[in-house]
Amino acid sequence: MNLKKRAIFDYGNNFYGPVVLSPTTLANIAVSGKIWQELLAFHSLLASDEYVEYLDAYYRECLQRFGQQWHYMDITNVLYAASKTLQPYNYLEIGVRRGRSVCTVVRGCPSVNIVAFDMWIPNYAGMENPGPEFVQSEIIKHGHSGAITFINGDSHETVPEYLSKNPDILFDLITVDGDHSKEGALEDLFNVIPRLSMGGVLVFDDISHPDLPHLIEVWHEALYEFRYLSGYEYTEMGYGIAFAIRRY
Ligand SMILES: C[S@@+](CC[C@H](N)C(=O)[O-])C[C@H]1O[C@@H](n2cnc3c(N)ncnc32)[C@H](O)[C@@H]1O
């Protein structure tokens, strides 16, 4: 079922507006046993590094201990739930690294068309950051059948340039997980939010990372500026995750 069918309810006089997918609904899907079962079936096949290995063990241990009562969110279950639910036509990602997030989106919707922005900072967070050829081979391993365009370079230049060359393109799903500085993250969000389609989902990572206390303020500023976004935050555990749905 496509985005129009899943997120939008077109009933003539739409008193509440056309979008019926709420952030809490998406959160409930993301934490469901079904999503974890499906996610864990491929999680260990994602390009691994020390952090992904840790997460794999963390997820499995928490599920074993707490079963259906486990309530936890990060970029992986949120993106997988969003991708499965929306079946996005176009996905934009700023901050790709080794393809963990983009492959998760592909697992949820193999036909998705991807525009991927990264400047491939060497040794990012102390781990290898091999570049587009590596990510290309990863998404194929995960069954991608849509198109992918890599835009290499600083997102503060490449994103505005790409969007001005593609004035009509909209994205059903967007992840902002590149520059984590206050000004940089805000600029990335402000650049891409106007291109989120109605009923589309915007994902913003690391809002409670102990080294990045400014990111939660950045997120709030974006929600304040773009009133058509309905936001959700998870900060209880891990590094936190925020997402929002465009309501109108
Ligand atoms: C946190 S990692 C992305 C992780 C990925 N989303 C995942 O879940 O596996 C951040 C990435 O953003 C890239 N990056 C940082 N600043 C950037 C900028 N100004 N423009 C483009 N890419 C940037 C880095 O090279 C790195 O690969």
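Author: Happy to! Let's begin with Asp56 and Arg60, whose side chains form a salt bridge with an N to O distance of 2.7 Å. Keep in mind that this is a predicted model. Side chains of opposite charge can pair when their charged atoms come close. Asp56 and Arg60 sit four residues apart in helix α4, so about one helical turn separates them. Asp56 is buried, at 14% relative accessible area, while Arg60 is partly exposed, at 35%.

Helix α4 runs over residues 50-66, and its 17 residues span 24 Å from the first C-alpha to the last, close to the 24 Å expected. Along with Asp56, the buried residues of α4 are Val52, Leu55, Tyr58, Tyr59 and Cys62. They lie on the same side of α4, because they cover an arc of only 165° around the axis. Among the parts covering these buried residues are α3, α5 and α6. Turn to the other side of α4 and you find Glu50, Glu53, Gln64 and Arg65 exposed.

The two ends are worth a visit too. At the start of α4, Asp49 brings a side-chain oxygen to within 3.0 Å of the backbone nitrogen of Tyr51. Asp49 also forms a salt bridge with Arg97, at 3.0 Å from N to O. Arg97 is in the loop between β1 and α6 and Asp49 in the loop between α3 and α4, so this pair ties together parts 48 residues apart in sequence. Just after α4, Gly67 has a positive phi of about 50°.

Key:
Residues numbered from 1 in each chain as written. Predicted model: local features only at pLDDT ≥ 70, side-chain atom pairs only at ≥ 80, totals over all residues. Heavy atoms only, no water. Helix = DSSP H or I, 4+ residues; strand = E, 2+ residues; numbered from the N terminus. Expected span 1.5 Å × (residues − 1). Buried < 20%, exposed > 50% of the residue type's maximum accessible area, 1.4 Å probe, protein only. Arc of directions from axis to C-beta. Contact = heavy atoms within 4.5 Å. Polar contact = N/O pair within 3.5 Å; in protein donor to acceptor, adjacent residues only side chain to side chain. Salt bridge = Lys/Arg side-chain N within 4 Å of Asp/Glu carboxyl O.
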